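User: I am new to reading protein models, and I would like to work through one with you step by step. Could we take a few questions in turn?

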Amino acid sequence: MSFGKELIQSAEEALAIAEGRAEPAAVFVPETIDVAAIRKRLKLSQAEFARRYGLPAGTIKDWEQKRRQPDRAALVLLKVIDQAPEMVAQALLSRA
């Protein structure tokens with residue numbers, strides 16, 4: 001099948017799913033993480049958490065207020081911070 005035909009078929013499938021005439025083959029559910037809970041467990045303000053882990057303070061606020069979701073790389077960093085916060089902080093300090 002040519003690329004053009006595949007593209008048209010994909011668009012038709014998307015329309016059928018959007019109109020409820022078809023079910024999607026798979027549903028992607030993004031992984032979530034409770035940034036506020038991690039930060040509060042560490043007893044850090046949003047600004048302190050951001051500074052300690054090299055993240056923009058506005059991004060922390062957006063994540064906590066659910067205006068944005070962390071991308072895959074940020075999710076990985078947050079999981080490591082959750083498991084080994086001191087190790088991450090030390091690794092970031094040693095690069096300076």
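Analyst: Before we start, a helix here is a DSSP run of H or I covering at least four residues, and helices are numbered from the N terminus. Please keep in mind that this is a predicted model.

User: In which helix is Y53 found?
Analyst: Going by that definition of a helix, we look for the run that includes Y53, and this run covers residues 46-53. The helix in which Y53 is found is therefore helix 3.

User: Is Y53 buried or exposed?
Analyst: A residue counts as buried when its relative accessible area is under 20%. Y53 has a relative accessible area of 3%, so Y53 is buried.

User: Which residue has its backbone oxygen 3.2 Å from a polar atom of the side chain of Y53?
Analyst: Leaving aside neighbours within four places in sequence, Y53 is in contact with several residues, among them L77, I81, P85 and V88. The one whose backbone oxygen lies 3.2 Å from a polar atom of the Y53 side chain is P85.

User: How far apart are the end C-alpha atoms of helix 5?
Analyst: Helix 5 runs over residues 72-83, and at 1.5 Å a residue its 12 residues should span 16 Å.

User: Where around the axis of helix 5 do its buried residues lie?
Analyst: The buried residues in helix 5 are A74, L75, L78 and I81. They cover an arc of only 125 degrees around the axis, and therefore they lie on the same side of helix 5.

User: What covers the buried residues of helix 5, and which residues are exposed on the other side?
Analyst: The cover over the buried residues of helix 5 includes helix 2, helix 3, helix 4 and helix 6. On the other side of helix 5, the exposed residues are R72, A73 and Q83.

Key: Residues numbered from 1 in each chain as written. Predicted model: local features only at pLDDT ≥ 70, side-chain atom pairs only at ≥ 80, totals over all residues. Heavy atoms only, no water. Helix = DSSP H or I, 4+ residues; strand = E, 2+ residues; numbered from the N terminus. Buried < 20%, exposed > 50% of the residue type's maximum accessible area, 1.4 Å probe, protein only. Contact = heavy atoms within 4.5 Å. Polar contact = N/O pair within 3.5 Å; in protein donor to acceptor, adjacent residues only side chain to side chain. Expected span 1.5 Å × (residues − 1). Arc of directions from axis to C-beta.
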